[in-house]
Amino acid sequence: MLSRSQLTMSFARTWIEYEDGFGDGVDVWLGLRKINELTGSTPRKLRVETVSTTGVSYVDEYSGFSVGDASTSNTMTFLSQLTASSNATGDSLNFHKGMKFATMDNDQSPGSCVSNYGNGG
């Protein structure tokens with residue numbers, strides 16, 4: 001769904017760009033439509049792999065992950081964090097569970113990441 005390793009490409013994008021997907025071959029966002037096609041009617045296991053700036057690898061897995069379609073503002077949900085296969089400290093997605101997707105030109109809720117952290121992470 002997302003690959004971000006060079007950190008040079010801006011993720012401050014419009015709603016349409018997030019729906020369609022974008023990338024430069026290294027940093028890539030698959031797109032909300034495709035993510036919904038993959039997960040909307042059949043929730044999946046989500047595996048999140050990250051590497052800290054000091055080179056430490058973390059894995060987080062979630063069961064029942066899905067992203068809704070445009071009629072739900074692409075609301076993301078999941079059943080639970082799979083702690084047995086996760087080595088991250090804490091559940092980093094729980095705060096976002098049930099939230100609508102937001103972009104700089106379509107902020108779905110006050111206090112969202114868009115308004116708090118500047119348009120695209």
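Which elements do the buried residues of α2 pack against? In this predicted model, the partners are α1 (15–20), β3 (28–29), β4 (44–51) and β5 (57–67). Helix α2 itself spans residues 32–39, and its buried positions are Leu32, Ile35, Asn36 and Thr39. Looking down the axis of α2, these buried residues sit within an arc of 100°, so they line one face of the helix.

Next comes the nonpolar core. The largest one holds 14 residues, with Trp29 and Phe65 having the most contacts inside it. Two elements, α2 and β5, each give two or more residues to this core, and β5 supplies the largest share, with three residues. As for Phe65, setting aside residues up to four places away in sequence, its contacts take in Ile35 and Thr39, both of which are among the buried residues of α2. Phe65 also touches Met1, Pro43, Arg44, Leu46, Met76, Thr77 and Phe78.

Then there is Asn74, which sits in the loop between β5 and β6 (76–77). The Asn74 side chain reaches the backbone oxygen of Gly68 at 2.9 Å. Leaving out residues up to four places away in sequence, Asn74 touches Trp15, Leu32, Val67, Gly68, Asp69, Met99 and Phe101.

Note on methods:
Residues numbered from 1 in each chain as written. Predicted model: local features only at pLDDT ≥ 70, side-chain atom pairs only at ≥ 80, totals over all residues. Heavy atoms only, no water. Buried < 20%, exposed > 50% of the residue type's maximum accessible area, 1.4 Å probe, protein only. Helix = DSSP H or I, 4+ residues; strand = E, 2+ residues; numbered from the N terminus. Arc of directions from axis to C-beta. Contact = heavy atoms within 4.5 Å. Core = buried A, V, L, I, M, F, W, Y, C linked by side-chain atoms within 4.5 Å. Polar contact = N/O pair within 3.5 Å; in protein donor to acceptor, adjacent residues only side chain to side chain.
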